[in-house]
Amino acid sequence: STNAIEEFRAGVTACLRSWSALRTAVESGWGGGERESQGKADDLRKSIFDIMDGSQCPLPNFDEQDLADNLAIYLEEEFSVTLEDGSEQQVADAIFRMYETCAKGDTTLAREMVARADRAVEFNAQFPVQIQTTEHDDDDGDEDMDDTDNGN
């Protein structure tokens, strides 16, 4: 139903918004400036909507792994981000689960994703993630701490 596909899209938007790799890339302007980066994130979302448009479920010749690969390739090509945390797999799985449940008219998972993303975005706004290099801090006291650990 139209309603379910709308909910699915909201869920996808939420999922991408709360994906820290993508959010960091957009907020840091790694796609060539902030507006450009936001545009690239929107293009990514639209491309998912185009494939997962509610007309077919399951999708012929397109599964979680394809989506995960597409996400990883897109981040690498458009934002120069190499994912090493496997997060694209989690995002792809979540999107596919939402698609399958919404196709059955069950929008619970999609709504949950939206609520969770709203909380995550709120949380991140309160506690922005500081990304910095800690080269000089590393030698500061790590060794001492390790020694005490080994003594326990």
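This is a predicted model: local features need pLDDT of at least 70, side-chain atom pairs count only at pLDDT 80 or more; totals for chains, interfaces and linings use all residues.
Residues are numbered from 1 along each chain as its sequence is written, and side-chain values use heavy atoms, with hydrogens and water left out.

**Overall make-up**

From the N terminus on, the order of elements reads α-α-α-α-α-α-α. Of the 152 residues in the protein, 35% are buried. Among the contacts with a separation of 6 or more, I found that 71% are accounted for by residues 24 or more positions apart.

**Helix α5**

I listed S87, E88, V91, A92, A94, I95, F96, M98, Y99 and C102 as the buried residues of α5. I then checked the length of α5: at 1.5 Å a residue its 17 residues should span 24 Å, and the end C-alpha atoms are 24 Å apart, which agrees; the expected span is 1.5 Å times one less than the number of residues in the helix. After α5 comes G105, for which I noted a positive phi near 85°.

**Helix α6**

I repeated the length check on α6 (residues 108–126), where 19 residues at 1.5 Å a residue should span 27 Å and the end C-alpha atoms are 27 Å apart, in agreement. The buried residues of α6 are L109, A110, M113, A117 and N124. Looking down the axis of α6, I saw that these buried residues fall within an arc of 90°, so they line one face of the helix, the arc being that of the directions from the helix axis to the C-beta atoms. On the other side of α6 I found R119, E122 and Q126 exposed. The buried residues of α6 pack against α1 (2–17), α2 (20–27) and α5 (87–103).

I also looked up E7, which lies in helix α1 and, at 15% relative accessibility, counts as buried. With neighbours within four places in sequence left aside, E7 is in contact with T107, A110 and R111, and A110 is one of the buried residues of α6.

**The α3 and α4 pair**

Two packed helices are described by the angle between their axes and the distance between the axes. For α3 (residues 34–51) and α4 (residues 64–79), I read that the axes come within 11 Å and cross at roughly 160°; axes are lines fitted to C-alpha atoms, for helices over the stretch in contact, and angles run from 0 to 180 degrees between N-to-C directions. In α3, S37, K40, A41, D43, L44 and I48 meet L67, L71, Y74, L75, E78 and F79 in α4.

The loop between α3 and α4 holds C57, which is partly exposed with a relative accessible area of 37%. Not counting residues up to four places away in sequence, C57 touches Y99, E100 and A103. I noted that the C-alpha atoms of C57 and T101 are separated by 9.8 Å, although the two residues are 44 residues apart along the chain. C57 is joined to P58 by a cis peptide bond, with omega about 0°, and P58 also lies in the loop between α3 and α4.

In that loop I also found N61, a residue other than glycine whose phi is positive, near 60°, and which counts as exposed at 77% relative accessibility. In the loop between α4 and α5 I found S80, which is not a glycine and yet has a positive phi of about 55°; S80 is exposed, with a relative accessible area of 62%.

Conventions. Helices (H or I, at least four residues) and strands (E, at least two) are DSSP runs, numbered from the N terminus. Buried means under 20% relative accessible area, exposed over 50%, partly exposed in between (1.4 Å probe, protein chains only). Contact means heavy atoms within 4.5 Å.
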